[in-house]
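Here's a quick briefing on charged side-chain pairs. Have the sequence and the 3D view open as you read.

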Amino acid sequence: VIIGVLVAVVAVSISTWTAYDIYYKSKPTPPALSISEASRAYLQSDVDYVGMKLDYYLNGERVERVILSVYTIKNTGGKAIVPSDFHSQLMVQAVNSLTLIGVNMLRALPEGLTVKFKKQPAQAFSMEPVLLNPGDEITIGLLIDARQSSSVNLFEGPLVSWTARIKDVSE
């Protein structure tokens, strides 16, 4: 009788553990979108670059304080984010007295993944919704005009803010 009870307890334990393990391993992880700054460089005019001096112009006007900020956007979740999941487009906008002047895709994984950006009012840019499978990654460069921000420390804190509303993705 004792052996029968032990066998029954072991059998129930194994079947419960197996069901629990199968349920949680088969449950897909939700989609997740990470946006992180990879680098930031201050492109200063009149700096001697081994015998060369660079000047930067925006619409014909010389710009002395330009920042190149590189960001990576990646689906770090376990589920694809499809274009219809975007309830509002991914938007990037400069903060403080900075001005976002340009956005450019630098690299995408997998190759062939393309994104389009569109200039919006209030010095913002939006990214058209695109299919992002788990692990897909987009690297973009942002050009930021810092002429009006002499009091802002350009190397501490965020230079831009990101907003979007995506189905099943929490902040």
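**Salt bridges in this predicted model**

Glu137 and Arg107 form a salt bridge, with their closest N and O atoms 2.9 Å apart. (A salt bridge here means a side-chain nitrogen of Lys or Arg within 4 Å of a carboxyl oxygen of Asp or Glu.) By that rule, the count comes to four salt bridges. This is a predicted model, where local features need pLDDT of at least 70, side-chain atom pairs count only at pLDDT 80 or more, and totals for chains, interfaces and linings use all residues. Residues are numbered from 1 along each chain as its sequence is written, and side-chain values use heavy atoms, leaving out hydrogens and water.

- The Glu137–Arg107 pair links distant parts of the chain: Glu137 sits in strand E11 (residues 137–145) and Arg107 in strand E8 (residues 99–109), 30 residues apart. Strands are DSSP runs (E, at least two residues), numbered from the N terminus.
- Glu137 is buried, at 15% relative accessible area, while Arg107 is partly exposed at 43%. (Buried is under 20%, exposed over 50%, partly exposed in between, with a 1.4 Å probe and protein chains only.)
- Salt bridges with shared partners join Lys74, Arg107 and Glu137 into one network.

**Asp168 and Lys79**
- These two side chains, Asp168 and Lys79, meet in a salt bridge at 3.7 Å, N to O.
- Asp168 lies in the segment after strand E12 (160–166), and Lys79 in the loop between strand E6 (65–75) and strand E7 (86–94), 89 residues apart.
- Asp168 is partly exposed at 47%, and Lys79 is partly exposed at 39%.

**Arg40 and Glu37**
- Arg40 and Glu37 pair through a salt bridge of 2.9 Å, N to O.
- Glu37 is partly exposed, at 32% relative accessible area.

Conventions:
Helices (H or I, at least four residues) and strands (E, at least two) are DSSP runs, numbered from the N terminus.
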